[in-house]
Structure formats: structure tokens, C-alpha cells
Amino acid sequence: MHEEAQLKLKKLVEELEKIRGRHTELISLYIPAGYNLNEIVSMISQEIALTENVKSKTVRKNVTDALTKILQHLRLYKQTPENGLVIFAGNVSQQEGKSDIKLWAIEPPQPINVKLYWCDQKFELAPLKEQLKEKEVYGLIVLDTKECTIGLLSGKNIKMLKHMESIVPGKFIKGGQSAARFQRVREGLINDWYKKIGEIAKELFSQHELKGLLIGGPGVSKEHFLAGEYLPSELRKRVIGVVDTGYTSEHALHELVEKGIEFIRESKYAKEKEILTRFFSELKKESELVTYGLSYVLNALRKGAVELLLISEDFPWKEVKAYCRKCDFAEKKFVKENEKILCPKCKGEMEILEEMQGIEALEEMAKDFSTSIYIVSRGTREGEQFYNLGGIGAFLRWKIEE
């Protein structure tokens, strides 16, 4: 369930990044794995006492209320969770003089090794952002004598870092000695061009721990580039494949990864492509062992028929408990963000009592039937196609009878 945990953390960080306190009253608390919770409880109690010295009555009350909320939450734990605990709390109201104390708590997917208490106008998110950094990164270079594009395959996403064009002239010129002189000049410019590519690749890739490096391009330029040792030795050691591509533009980075898939079989990108290729292949055959669309997948899930549940990382639905006061009618259902919920009896607008992100709600349902979950990115062509199909699909254990 690692990918689901990473996605949950990513969405939390995005939510918290948008929050700004009107004053210095947003609290970030990081408790390392294995740390004694009693010491943290004692520290928070002391902070509550110290807050009495704050001059502003409003700030004093908001910080005290946030600390008290943290203290109450900590009492739910007998010991620090396996990977530690991170808590954010504070007044998120943007209206002066109005208090709206919120608390977020997360057990991070990787161990937290830092102990931190911080009070500011924004939450301290750096340690969590560090956990979100993609560990699986491949370098990409496509080149010829005319242009070069350098990029990264980071997890399932292809990103262009730099595109360059050379001043190397075309190959041929007619005429005796002038032709030979032209060729020498051209070879010198090509040499300078390859040196420039090597230097810029070194600079761009120095910020990443590459698992490998793919090189591509049309013709023999890529082979000459490698043979000439224009790449620093550390990068040459990372080269895992050389691939023919038709282009050297940003689009060629995608072509390079597609054609070089054999060199990155264990990558997240290759695994996602394999799963979705199989899914679309089964759909094309009109197989009864795959389905897509929220209503069809929910039906299969409730019957325990889903073997592997596929959900887009940008799945646009949430599960809500809605209530109609006029009819005294309540129901749980999936709706899209900002969608009006109408009562099936009186057609009046219902109010939301509870809500849960769609992916989390589906995870809860999947647990009941030991259903595996795969989170689909939008970084691959197939991932984007899957999102446009509704962002949810499933491989089934058996055919669903209508």
C-alpha cells in the first residue's frame, strides 16, 4: 500500500501548503519513530503555560486552543507509531477575530528522524516533502548534430530539463580544398557541441541520484558522442541503453523511454505501462474480466469480485454522507467536487454531514475483500487515457452477472 500512502501524503502537503495563518499561530509537531510520547505531552503542557506570556489575547487563545487540541490527540496513542507521528494544528480562519482550529495528524510512510516543534504563519513541511522526493530517477538525453534535449524519467513522469540547438552547419559543400576546410571546421564545431552537451548534462544530473541513463537520437551522432567520451566518467557508468529515435525534441524523450523500455523493466513507468496495456487489451477484446466506470466498479467491489482495483491519482470523486432535513433522509454516495447533491425524494439540496476522499473510501471497501489497489499516474500516455476513461477500472476474479 506504499503508493497509496505516498499519494495521501502528497495531497496532505498540497492542502497544508495553501494555508496561511493571520498571525504566528500555526503549529507543526514532528515526533520521531521510537520517541517517548510522555516527553512530548510534557513539552506541550509547558508550551501551553508559556503561551500565557503572549501579549495578543486573540493569538494567545488560538495557540492555546491548538496546543490543547494536540494534547487531546496525543492521548489517543499508547506509544509513538512505527514511523513516528506528525501533527499540524492551528487557526485556519481568514477572518480577523474568528477562530477555526483544525488539526491534521499523519503517520508518515517512511520513518521520521527529526524532532521538531514550530509555531509560525505557515506549517513546516520540509521533512514531509523530503519523503515525497522520487527515489527512482533515470537520466534521458536525445541528440544529433543539430539539437539536443535533456530530461528525466522520475517515477512515472517524463520531464524536460533543457532543449538546445547547435550552430553546426549541414554536411556537404561542393568544391576541392574549400570542402576539406569546411569539413575540418564542421568537425570542430561538432566536437564543441558534444562537449557542451556533456558539460550541461553533468550540471543538470548532478542534482539527482540516477539509477541509469538512456541515450537516443537519429543516426550515428549518439554513438559518436558516447565513443568520444564527452560525458563525465560517472555518467558514462550510468548508461544502460542506447536507442534510435526519430527526433531530438521534447517529444523524443517519450519516444526514448518507449523504445528503451527493455532497459528499465523494473521501473515504475514500465510496470504501469504493462498493467494498463493489459487492461486496454482486455477492454478491446470485450473481456468480461475487466470493467471500468464508477458504478460498474463499485458493483463489482461490493460483490468481492475485484482482484485488482485501478484508480487514477487524480480520481475526481469523493464519498459523502448527505442529509435532507425536509425529508429526514440520509444516504452515502460518491459525488464530484462542488457537485450539488439533490434529495431523491423531494429534489431539494442536501447538506454534507461527512466526507472522505474517493481513493480513501475505495481503499476501505477493498480491504474487506483483500483486493489489491494500483494507483495510476497521469505521467504516461496510457495513464492519461485511463483518466479520460473515468479514472477507475478493475480486473475481476470472475464474470459479474447482471
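These legends describe close-up views of a predicted model.

View A. Helix α3 covers residues 57-74, 18 residues in total. From first C-alpha to last, α3 reaches 26 Å. That is close to the 26 Å expected at 1.5 Å a residue. The buried residues of α3 are Val59, Asn62, Val63, Thr64, Ala66, Leu67, Ile70, Leu71, His73 and Leu74. Their packing partners include one helix, α2 (37-50). Strands β1 (26-31), β2 (85-91), β3 (101-106) and β4 (116-120) also pack against the buried residues of α3.

**View B. The packing of α2 against α3.** The axes of α2 and α3 lie 10 Å apart, at an angle of about 160°. An angle over 145 degrees counts as roughly antiparallel, so α2 and α3 are roughly antiparallel to each other. Their crossing is left-handed. On the α2 side, the contact is made by Leu37, Ile40, Val41, Ile44, Ser45, Glu47 and Ile48. On the α3 side, Thr64, Leu67, Thr68, Ile70, Leu71 and Leu74 take part. The residues of this contact divide into 9 nonpolar, 3 polar and 1 charged.

**View C. The crossing of α9 and α12.** Helix α9 spans residues 268-284, and helix α12 spans residues 381-388. The two pack at an angle of about 50°, with their axes 9 Å apart. That angle makes α9 oblique to α12. The crossing of α9 and α12 is left-handed. From α9 come Glu272, Lys273, Leu276, Thr277, Phe279 and Phe280. These meet Arg381, Glu382, Gly383, Gln385 and Phe386 of α12. The contact of α9 with α12 holds 4 nonpolar, 3 polar and 4 charged residues.

**View D. Thr145, a buried loop residue.** Thr145 sits in the loop between β5 (137-143) and β6 (147-154). Its relative accessible area is 15%. Buried means under 20%, so Thr145 is buried. Neighbours within four places in sequence are set aside here. Beyond them, Thr145 is in contact with Ser166, Val168, Arg186, Ile190, Trp193, Tyr194 and Ser221.

**View E. Lys237, an exposed loop residue.** Lys237 belongs to the loop between α7 (233-236) and β9 (239-244). The relative accessible area of Lys237 is 64%. Exposed means over 50%, so Lys237 is exposed. Leu389 lies 152 residues away from Lys237 along the chain. The C-alpha atoms of Lys237 and Leu389 are separated by 41 Å.

Definitions and conventions
Residues are numbered from 1 along each chain as its sequence is written. This is a predicted model: local features need pLDDT of at least 70, side-chain atom pairs count only at pLDDT 80 or more; totals for chains, interfaces and linings use all residues. Side-chain values use heavy atoms; hydrogens and water are left out. Helices (H or I, at least four residues) and strands (E, at least two) are DSSP runs, numbered from the N terminus. The expected span of a helix is 1.5 Å times one less than its number of residues. Buried means under 20% relative accessible area, exposed over 50%, partly exposed in between (1.4 Å probe, protein chains only). Contact means heavy atoms within 4.5 Å. Axes are lines fitted to C-alpha atoms, for helices over the stretch in contact, and angles run from 0 to 180 degrees between N-to-C directions. Angles under 35 degrees count as roughly parallel, over 145 as roughly antiparallel, 65 to 115 as roughly perpendicular and the rest as oblique. A crossing is left-handed if the near helix is turned anticlockwise from the far one by less than a right angle, and right-handed if clockwise. Ala, Val, Leu, Ile, Met, Phe, Trp, Tyr, Cys and Pro count as nonpolar, Asp, Glu, Lys and Arg as charged, and the others, Gly among them, as polar.
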